[in-house]
Number of protein chains: 2
Amino acid sequence: MNKSFVYHPIGVIRSPYKVPKGTPIQSSASKGAKGVIEIFPEYQDGLKDLDGFSHIILVYHFHLAGKSNLRIKPFLDENFHGLFATRAPARPNPIGLSIVRLLHIEGNRLVIRDVDMIEGTPLLDIKPYVPEFDHREADKTGWLASNIHKLPGKKDDGHFSG
Amino acid sequence: MNKSFVYHPIGVIRSPYKVPKGTPIQSSASKGAKGVIEIFPEYQDGLKDLDGFSHIILVYHFHLAGKSNLRIKPFLDENFHGLFATRAPARPNPIGLSIVRLLHIEGNRLVIRDVDMIEGTPLLDIKPYVPEFDHREADKTGWLASNIHKLPGKKDDGHFSG
């Protein structure tokens, strides 16, 4: 299958984090960092009623990710794992997901909390976060189970950047 | 910002659902339907250690979605809402997300449960589902709060297909 898909940004993410190094590695460990999403005016109509949701899922392009490798050392471990068993940003299709708190919407600007994206990140989609759709009782978390204690305060060390 | 991003499938999803109409609208309402993901051989190395996770996040292209509109009637309501306040498949960038149960991996084939994708869906990425990353206590779910009771058994009626 040699198909390809071309996507265009619907907006851009403004973040206090200007470079990969030092950026929180997950929004759940971001400790409330604020950011702003600027939706391009031609998409603003699609935001109606989004302000009723406390949390939103951002789908975006990891614009500073380097070349992907299929075996990598993730941020939270010293051992190599298959790329798809990790959340590393350098992926064959460098698509990022973050669940953030939506504080309020002013026109085409969304003020958000728990930012783990880098300034200028191109936004591809927004979806409402819905526990009845998105929550699972996961009983196995593989190599992460013995490493998750390192998450609080863990920062990007820059090793996946281009 | 006139950038665009070109993504290539890493595999294809095999599903018992052959057309949009009648397909479950969320994996959380799929009641255990089984499917198979065929990862293209050149990406198989990236699957190492993924079998340690009970749930995985699939990122895929809604290949049968029609033209997107910014105000739509979602599957679960009779009223119009902004597209980004819904999970409808016809989106400016038709990227789908599903959390499914990973049963086992045989070489480049992942056997999964809770399928809500359609046969032949091009897969863009796999990420491990990690409660510490992905679970939020959402206190507001907007227009969905009064409609979520319709989720069990709700099927795609085909109105977002191309």
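In the predicted model, 61 residues of chain A and 61 residues of chain B make up the contact between the chains, two residues being in contact if their C-beta atoms, placed from the backbone, lie within 7 Å. By class, the side of chain A that touches chain B holds 32 nonpolar, 15 polar and 14 charged residues; Ala, Val, Leu, Ile, Met, Phe, Trp, Tyr, Cys and Pro count as nonpolar, Asp, Glu, Lys and Arg as charged, and the others, Gly among them, as polar. At least two residues of this side come from each of β1 (5-7), β4, β6 (81-82), β7 (95-106), β9 and α1 (131-134) of chain A. The largest share, six residues, is supplied by β9(A). Helices (H or I, at least four residues) and strands (E, at least two) are DSSP runs, numbered from the N terminus.

Residues are numbered from 1 along each chain as its sequence is written, and chains are lettered from A and ligands numbered from 1 in the order in which they are written. Because the model is predicted, local features need pLDDT of at least 70 and side-chain atom pairs count only at pLDDT 80 or more, whereas totals for chains, interfaces and linings use all residues.

Tyr7(A) has Phe5(B) as its bridge partner in β1(B).

Within chain A, six strands close into an antiparallel barrel in the order β2-β3-β8-β7-β4-β9. Neighbouring strands of this sheet are turned by 45° against each other on average, direction ignored; axes are lines fitted to C-alpha atoms. Strand β4 (residues 55-61) and strand β9 (residues 121-128) of chain A run antiparallel and are joined by five bridges, and Tyr60(A) stands opposite Leu123(A) in β9(A).

In chain B, seven bridges join the antiparallel strands β4 (residues 55-61) and β7 (residues 95-106). Arg101(B) in β7(B) stands opposite His55(B) and also opposite Arg113(B) in β8(B). The antiparallel pair β7(B) and β8(B) has five bridges and forms a hairpin with two residues between the strands, where Gly107(B) in the turn has a positive phi of about 65°.

Two residues other than glycine also call for description. Lys31(A), with a positive phi of about 55°, lies in the loop between β2 (11-14) and β3 (34-39) of chain A. Lys31(A) has 10 C-beta neighbours inside 10 Å and so counts as exposed, the limits being 12 or fewer other C-beta atoms within 10 Å for exposed, 20 or more for buried, and partly exposed in between. Asp114(B), with phi near 80°, is found in the loop between β8 (109-113) and β9 (121-128) of chain B and is buried, with 21 other C-beta atoms within 10 Å.

Note on methods
Pairing = 2+ DSSP bridges. Axes fitted to C-alpha atoms, helices over the stretch in contact; angles between N-to-C directions.
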